[in-house]
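This report goes through one protein structure and points out some of its side-chain contacts, spaces and backbone features. Please keep the structure open while reading.

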Amino acid sequence: MQNNTNNSTSASPLAPQWLAVPEDLNALHAPMWAAGVQRNDDGELAIDGVPVRELKEQFGTPLFVMSEGDFRARARSFKDAFDAAFADICGGVDVYYAGKSFLCTAVAAWVAEEGLRLDTCSGGELAVAARAGIDGANLGLHGNNKSDAEINRALDMKLGRIVVDSLDELERVAKIASGRGDTAKVMLRLTPGVHAHTHEFIATAHEDQKFGLSMAGDSSETAGLSAAEEAVAAATSYSNVELLGLHCHIGSQIFEPDGFALAAEKLLDFLAAMQAKYSIDLPELDLGGGYGIAYTPVDTPRPPAEIAQAMAAVVRSKCAELDITPPRISIEPGRAIVGTSTFTLYEVGTLKTVRVDVPANAAVDAPVAAGGKHNVTFPRRYVSVDGGMSDNARPVLYDADYSAIVASRASDAAPQLSRVVGKHCESGDIVVRDVYLPEDVAAGDLLAVPGTGAYCWALSSNYNYLARPGVVAVRNGAARLIVRGETEEDLLNRDMGVANV
């Protein structure tokens with residue numbers, strides 16, 4: 001077999017088609033990075049003036065590095081943009097930050113200070129909200145399997161809304177509220193059957209999945225009624241339930257507006273029909289979140305103002321068509337606020353290059369010998385870092401793509417196709433599947449992976465007994481821990497040891 005290797009400055013056939021060879025490996029693609037992240041005069045990455053090597057020395061790696069100012073600015077932009085777009089429709093919008101994306105006490109406090117509300121999904125997240133001093137009226141509770149303890153906690157805290165996910169849960173909420181002599185404020189989560197153009201595991205509005213009450217067909221319990229309508233009928237019959245309105249969420253990391261528009265139209269049709277049929281008022285409609293961010297240079301997120309104006313046009317037109325008073329709209333951005341605010345800082349360890357055979361007809365300038373085509377061998381470099389799937393499970397869960405740059409210095413070396421991998425005992429432990437990094441990357445260099453604010457720390461684990469990283473917030477040239485990184489002592493403190501015999 002004839003072997004050949006590619007020129008490192010040209011595109012490798014091992015790279016996906018969307019991945020172009022960057023003209024400047026030191027440049028930052030702005031949509032992927034928080035405002036205030038730039039290279040200093042020494043070529044080192046800095047955030048709000050704080051260089052990454054200083055962060056490494058003070059806090060270690062891996063490390064989640066967050067721009068507090070960027071988080072706050074993105075939160076305000078959603079609130080301001082949606083309030084402006086819906087001012088003439090329903091007087092503005094209630095923006096609930098989706099705490100599941102990333103939540104700690106400091107972030108919960110920022111959310112409240114910027115005029116947003118907070119959406120939670122568990123008793124633990126409610127505990128964080130309580131510790132941050134957030135009024136229960138500004139909280140919501142989601143979840144497809146809320147425990148009785150969580151429902152009781154929601155009632156104790158006088159939550160503004162409990163988003164009910166099933167007929168069984170609606171009955172339990174009503175029973176618990178009745179037993180306490182309380183009234184539960186409830187929204188019904190519906191599945192409108194809208195296909196979101198995203199990964200199957202984060203598309204949540206199709207029928208065959210665990211969330212929500214179906215708007216399609218007859219329910220198995222009551223012939224002639226969908227599960228969604230049966231829930232409306234039941235909710236109106238419970239004296240200890242205040243039915244606020246309807247809720248839907250079509251998925252996550254969505255760029256195209258069509259799904260949001262179709263979901264809004266279907267929910268408004270259903271809302272109008274239920275109001276007329278049951279002579280009730282449903283004053284609220286939550287259209288969820290799921291707005292995409294830039295993880296790679298080809299991702300094209302829409303600004304909040306554009307999203308808001310598009311959604312407002314649909315709601316305005318549909319309410320006029322139905323001749324109904326527009327409900328108060330709420331939304332639930334999470335990733336779109338916190339995702340880009342944060343990057344993960346790693347230290348490079350082992351490097352290894354392997355040779356991968358590619359069919360000649362798929363290779364660049366592949367030779368063809370007499371008698372047929374031959375395979376051509378191209379290099380793929382593996383760059384190992386001191387974290388991995390324990391601090392970012394999204395690539396192994398969703399085939400999520402990320403990017404990376406050398407952060408501790410600038411480099412004039414030629415680009416080489418690389419795969420950034422973690423240190424765990426799993427072949428799927430991949431942080432960045434395909435990225436061009438300088439040929440001279442070496443052990444001890446620092447790498448930064450942008451866009452890791454959402455669903456990275458939140459999904460982190462102690463696989464292989466790695467301690468989970470800390471989270472640092474940087475503002476006005478100063479860095480502080482908002483979540484302390486774990487130590488081995490933390491891990492062993494939960495281990496009960498060998499029982500005395």
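In this predicted model, the count of aromatic pairs comes to nine. One of them is formed by Phe-102 and Trp-457, and it is edge-to-face, with 5.5 Å centre to centre and 90 degrees between the planes. Phe-102 lies in the loop between strand E5 (93-98) and helix H3 (105-113), while Trp-457 lies in the loop between strand E21 (446-450) and strand E22 (470-475), so the pair ties together parts that are 355 residues apart in sequence. A pair of aromatic rings is described by the distance of the centres and the angle of the planes.

Are the two partners buried or exposed? Phe-102 has a relative accessible area of 2%, so it is buried. Trp-457 has a relative accessible area of 22% and is partly exposed.

Aromatic rings also form a cluster: ring pairs link Phe-78, Phe-82, Phe-86, Phe-260 and Tyr-291.

**Salt bridges**

How many salt bridges are found in the whole structure? The search finds 29 salt bridges. The table gives examples.

| Residue with N | Residue with O | N to O distance |
|---|---|---|
| Arg-161 | Glu-284 | 3.2 Å |
| Lys-277 | Glu-229 | 2.4 Å |
| Lys-318 | Asp-269 | 3.0 Å |

Arg-161 and Glu-284 meet through their side chains in a salt bridge. Arg-161 is part of strand E8 (residues 161-164) and Glu-284 is part of strand E12 (residues 284-286), so this pair ties together parts that are 123 residues apart in sequence. Both Arg-161 and Glu-284 are buried.

Lys-277 and Glu-229 also meet in a salt bridge. Here the partners come from helices: Lys-277 lies in helix H8 (residues 258-278) and Glu-229 in helix H7 (residues 227-237), so the contact ties together parts that are 48 residues apart in sequence. Glu-229 counts as buried, at 11% relative accessibility.

Helix H8 also holds Asp-269, whose partner Lys-318 lies in helix H9 (residues 304-322), so the pair ties together parts that are 49 residues apart in sequence. Asp-269 is partly exposed, at 33% relative accessibility. Lys-318 has a relative accessible area of 10%; because buried means under 20%, Lys-318 is buried.

Glu-68, Arg-72, Arg-76, Glu-113, Glu-114, Arg-475 and Arg-480 are linked in a network of them.

**Cavities and a pocket**

The structure holds four cavities of 30 Å³ or more. The largest cavity has a volume of about 50 Å³. Its lining includes Phe-260 and Tyr-291, which also belong to the aromatic cluster. Ile-254, Phe-255, Glu-256, Gly-292, Pro-301, Arg-302 and Ile-307 line the largest cavity as well.

The second largest pocket contains about 430 Å³ of space. It is lined by 27 residues, and the closest to its centre are Ala-20, Pro-22, Met-32, Pro-297 and Ser-403. Strand E18 (405-406) and strand E20 (430-438) each supply at least two residues of this lining. Which element gives the largest share of the lining? E20 does, with five residues.

**Surface**

Val-396, Leu-397 and Leu-459 make a nonpolar surface patch of about 210 Å². Val-396 is placed in helix H11 (residues 394-398). With a relative accessible area of 40%, Val-396 is partly exposed.

Asp-148 belongs to helix H5 (residues 148-156) and is partly exposed, with a relative accessible area of 41%. Between the C-alpha atoms of Asp-148 and Ala-313 there is a separation of 40 Å, and the two residues are 165 residues apart along the chain.

**Backbone**

Most residues other than glycine have a negative phi, and most peptide bonds are trans. The following residues depart from this.

The peptide bond from Thr-61 to Pro-62 is cis, with omega near -5 degrees. Pro-62 sits in the loop between helix H1 (52-59) and strand E4 (63-67).

Asp-48 is not a glycine, yet its phi is positive, at about 50 degrees. The loop between strand E2 (45-47) and strand E3 (50-51) contains Asp-48, which is partly exposed at 22% relative accessibility.

Asn-476 is not a glycine either and has a positive phi of about 50 degrees. Asn-476 lies in the loop between E22 and strand E23 (478-483). At 70% relative accessibility, Asn-476 counts as exposed.

Definitions and conventions: Residues numbered from 1 in each chain as written. Predicted model: local features only at pLDDT ≥ 70, side-chain atom pairs only at ≥ 80, totals over all residues. Heavy atoms only, no water. Patch = residues over 30% accessible without salt bridge, like charges linked within 9 Å, V, L, I, M, F, W, Y side chains within 5 Å. Areas by Shrake-Rupley, 256 points an atom, 1.4 Å probe, with all protein chains shown as cover. Salt bridge = Lys/Arg side-chain N within 4 Å of Asp/Glu carboxyl O. Helix = DSSP H or I, 4+ residues; strand = E, 2+ residues; numbered from the N terminus. Buried < 20%, exposed > 50% of the residue type's maximum accessible area, 1.4 Å probe, protein only. Phe/Tyr/Trp six-rings, centres within 6.5 Å; stacked < 30°, edge-to-face > 60°. 1 Å grid on protein atoms, 1.4 Å probe; cavity = no way out; pocket = protein on both sides within 12 Å on 5 of 7 lines; lining within 4 Å. Points joined across faces, edges and corners; volume = space filled by probe spheres on them.
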